[in-house]
Amino acid sequence: MRQPLLHLGLPVFLFALLSALPASAHVMDGPLDGFGSGFGHPLAGFDHLLAMLAVGLWGAQMGGRSVWTLPATFPMIMCIGGLIGMTGILPGQPIEYGIALSVIVLGGAIAAAWRAPEWVALALIAAFALMHGYPHGVLAPRASDPAAFTVGFVVSTGVIHVIGIAIGAALKPIGGGRLVQALGAAISLAGFWFLFGLVTG
């Protein structure tokens with residue numbers, strides 16, 4: 001009975017994921033407070049959410065040190081991206097494309113069950129973290145308490161990573177890890193959908 005339920009649940013999940021319109025968390029209207037706005041920012045856009053979830057999934061899939069090195073590296077480097085974002089020196093459009101690319105690549109790595117050398121995985125995570133941190137930094141000066149806003153989005157990112165790790169650990173034994181790979185494929189497809197929205201929008 002378990003296998004039919006899994007086969008039924010996966011297409012439903014894929015449909016729900018791919019039928020969602022591309023959502024951007026990179027522009028938030030209205031006043032921003034401190035911790036609450038910062039915590040909610042990564043949750044407000046599906047592109048941010050899926051990339052951060054994928055970091056935890058990929059770490060859990062690879063196992064070993066990667067379970068904690070990938071999720072620990074992302075928030076730290078994201079803070080650097082946030083500092084760069086506060087300067088506003090980079091155009092927003094390339095960052096948007098980079099964020100969509102991060103969802104495609106991270107999902108693809110999970111779908112392929114790619115056990116990348118640690119330095120390669122960390123380099124990818126660091127590059128993508130810079131891109132995801134940038135829009136947070138652009139918004140931070142608008143917050144009533146920029147420091148609390150920054151703490152909020154870092155904590156939220158960590159929570160999403162932990163959820164990704166938990167999902168990856170729970171699904172890894174099922175079907176020889178194929179369910180995790182299917183989830184990665186769905187994430188990657190969503191990344192292509194975000195990219196399509198940017199190109200056609």
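This note reviews the nonpolar core, a surface patch and the aromatic pairs of a predicted model.

1. The largest nonpolar core comprises 34 residues, and Trp58, Leu70, Phe74, Leu106 and Ile125 have the most contacts inside it. At least two residues of this core come from each of the helices H3 (46–62), H4 (66–87), H5 (92–111), H6 (118–139), H7 (146–171) and H8 (178–200). Helix H3 provides the largest share, nine residues.

2. With neighbours within four places in sequence left aside, Trp58 is in contact with Leu70, Leu106, Ala109, Ile110, Trp114, Ala116, Ala121, Leu124 and Ile125.

3. On the surface, a nonpolar patch is formed by Phe35, Val151, Val155, Val159 and Ile163, whose accessible area together is about 390 Å². Helix H7 contributes the largest share of the patch, four residues. Val151 lies in this helix and is classed as partly exposed because its relative accessibility is 46%.

4. Four aromatic pairs are found in a search of the whole structure. In one of them, the ring centres of Phe149 and Phe153 are 6.0 Å apart and the planes stand at 70 degrees, so the pair is edge-to-face. Both residues belong to helix H7 and are four residues apart, about one turn of the helix. Phe149 is buried, at 0% relative accessible area, and Phe153 is buried as well, at 1%.

5. The rings of Trp193 and Phe196 form a stacked pair, because their planes are at 15 degrees, with centres 5.5 Å apart. These two residues lie in helix H8, three residues apart, about one turn of the helix. Trp193 is partly exposed at 32% relative accessibility, and Phe196 is partly exposed at 47%.

Definitions and conventions. Residues numbered from 1 in each chain as written. Predicted model: local features only at pLDDT ≥ 70, side-chain atom pairs only at ≥ 80, totals over all residues. Heavy atoms only, no water. Core = buried A, V, L, I, M, F, W, Y, C linked by side-chain atoms within 4.5 Å. Buried < 20%, exposed > 50% of the residue type's maximum accessible area, 1.4 Å probe, protein only. Contact = heavy atoms within 4.5 Å. Patch = residues over 30% accessible without salt bridge, like charges linked within 9 Å, V, L, I, M, F, W, Y side chains within 5 Å. Areas by Shrake-Rupley, 256 points an atom, 1.4 Å probe, with all protein chains shown as cover. Salt bridge = Lys/Arg side-chain N within 4 Å of Asp/Glu carboxyl O. Phe/Tyr/Trp six-rings, centres within 6.5 Å; stacked < 30°, edge-to-face > 60°.
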